[in-house]
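Colleague: I would like to learn how to read a model of this kind, beginning with the overall fold and ending at the ligand. Could you take me through it step by step?

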Amino acid sequence: MFQRKAGDQLRTTAHLAEFDEMTTHDFEQRLDSDASTRTLASSPQSYRYENGRRYHAYRDGSYWGPNDEKDVYHQTVTHHLFYRTLDDRMLLAPVTDPRNVLDIGTGVGLWAVNFADAHPEARVTGTDLSPLWENPVQPNLRFQVDDCCSEWTYLEELRERFDVIHMRCLYGSVADWNQLYRRCFEHLIPGGYIEQAEMSIIPHSCNGPLPHASIFRQWECFWRKCGVLTGKSWLISETMKESIEEAGFVDVCERRFKWPIGMWSSDPKLQEIGRWYREFWESGMEGWVMALGTRCLGWTASQARAFVEETRKALSDETNRVYFELVVVYGRRPDHFRPHTSCYEHRRTQSQP
Ligand SMILES: C[S@@+](CC[C@H](N)C(=O)[O-])C[C@H]1O[C@@H](n2cnc3c(N)ncnc32)[C@H](O)[C@@H]1O
């Protein structure tokens with residue numbers, strides 16, 4: 001039952017304090033002692049296992065990250081990092097009375113669970129390639145396996161329209177963002193909002209320009225190369241505002257947040273964020289590098305682990321004063337404006353002789 005626990009831990013302040021004290025090591029120990037009650041274990045044929053990590057099998061290989069229990073922990077840290085960065089808000093868009101909400105690439109589904117809890121009047125749908133979630137207890141929440149890059153068949157059959165579509169950390173997952181934004185536009189009601197949050201892969205340091213030899217510059221290079229080789233870029237935070245505007249959204253706003261690695265900032269809020277952001281790296285980096293390094297760049301698993309170890313040393317050196325940026329963009333579907341062919345119109349045109 002770990003997924004539920006991971007999610008539950010973020011749902012009350014008391015649990016937050018407990019979770020606050022956990023580290024990757026604590027979590028792994030807890031998994032060991034919790035083995036008999038795990039729910040993630042499924043039939044081996046349903047997943048791809050590689051170099052000690054587990055990956056999705058539906059649309060095998062199309063997503064680069066693992067979907068195992070270590071990743072559940074990493075997604076739990078991720079959710080908390082975003083949540084605290086946005087001052088305990090789930091959205092920045094000025095949404096007042098959400099009725100029908102979609103979270104694309106929901107992962108474990110913590111954002112969807114939290115949103116459904118906070119808005120019992122809203123119907124919340126989370127979709128992902130991997131069914132990492134547990135059956136929701138909230139009557140207003142549902143999850144669905146779906147590839148957001150293919151036609152949204154079940155939603156289109158239902159002719160379903162949302163008043164909010166949310167996406168987070170989908171960098172490296174989508175080849176054609178323009179198509180995805182157009183689909184979002186089509187599936188929003190007029191006046192509905194799209195909101196997307198992505199981390200920049202470009203490192204900065206308060207000490208001045210980072211040398212090329214810096215491990216964080218090597219990470220940037222790693223993501224850039226993988227983006228070229230997979231055809232799915234990681235440079236999304238840099239382009240999403242413009243792409244969302246091009247899809248026809250209006251009143252598009254961009255907000256930037258600093259994510260320091262570690263607790264070197266003098267600002268107490270940034271110290272808290274920095275602690276979580278370091279844990280985000282600690283818990284995530286093996287999963288980020290393993291499949292991409294071995295499948296795309298021809299690394300051995302040992303080379304991938306060595307890269308992780310070198311990074312681990314740099315993470316503990318706070319004199320580097322390294323930070324990345326989180327970028328959040330939201331925009332509104334206007335009441336009357338159709339700058340592009342709708343998905344429906346496009347399909348109708350295609351199917352005509
Ligand atoms: C880095 S995780 C982020 C999860 C969650 N949005 C969060 O912020 O915690 C990216 C998620 O996107 C999902 N994903 C990747 N490509 C996808 C696709 N084509 N369709 C649906 N989900 C996808 C992955 O399975 C994974 O769960």
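This is a predicted model: local features need pLDDT of at least 70, side-chain atom pairs count only at pLDDT 80 or more; totals for chains, interfaces and linings use all residues.

Modeller: Residues are numbered from 1 along each chain as its sequence is written.

Colleague: How many helices and strands does the secondary structure of the chain come to?

Modeller: Helices (H or I, at least four residues) and strands (E, at least two) are DSSP runs, numbered from the N terminus, and this chain has 12 helices and 10 strands.

Colleague: What share of the residues of the chain count as buried?

Modeller: A residue is buried if 20 or more other C-beta atoms, placed from the backbone, lie within 10 Å of its own; of the 353 residues here, 39% count as buried.

Colleague: Why is helix 4 largely enclosed by the rest of the structure?

Modeller: Helix 4 is largely enclosed because 14 of its 17 residues are buried. Helix 4, residues 69-85, reaches 24 Å from its first C-alpha to its last, close to the 24 Å expected at 1.5 Å a residue, where the expected span is 1.5 Å times one less than the number of residues. Asp87, which follows helix 4, has a positive phi, near 55°.

Colleague: Which residues are the closest to the ligand?

Modeller: A residue is near a molecule if its C-beta atom, placed from the backbone, lies within 6 Å of it; 21 residues surround the ligand, the closest being Gly105, Gly107, Arg168, Cys169 and Ser173. Helix 4 and strand 4 (123-128) are the elements that give two or more residues to this shell, and its largest share, 3 residues, comes from helix 4.

Note on methods: A residue is buried if 20 or more other C-beta atoms lie within 10 Å of its own, exposed if 12 or fewer, and partly exposed in between; C-beta atoms are placed from the backbone.
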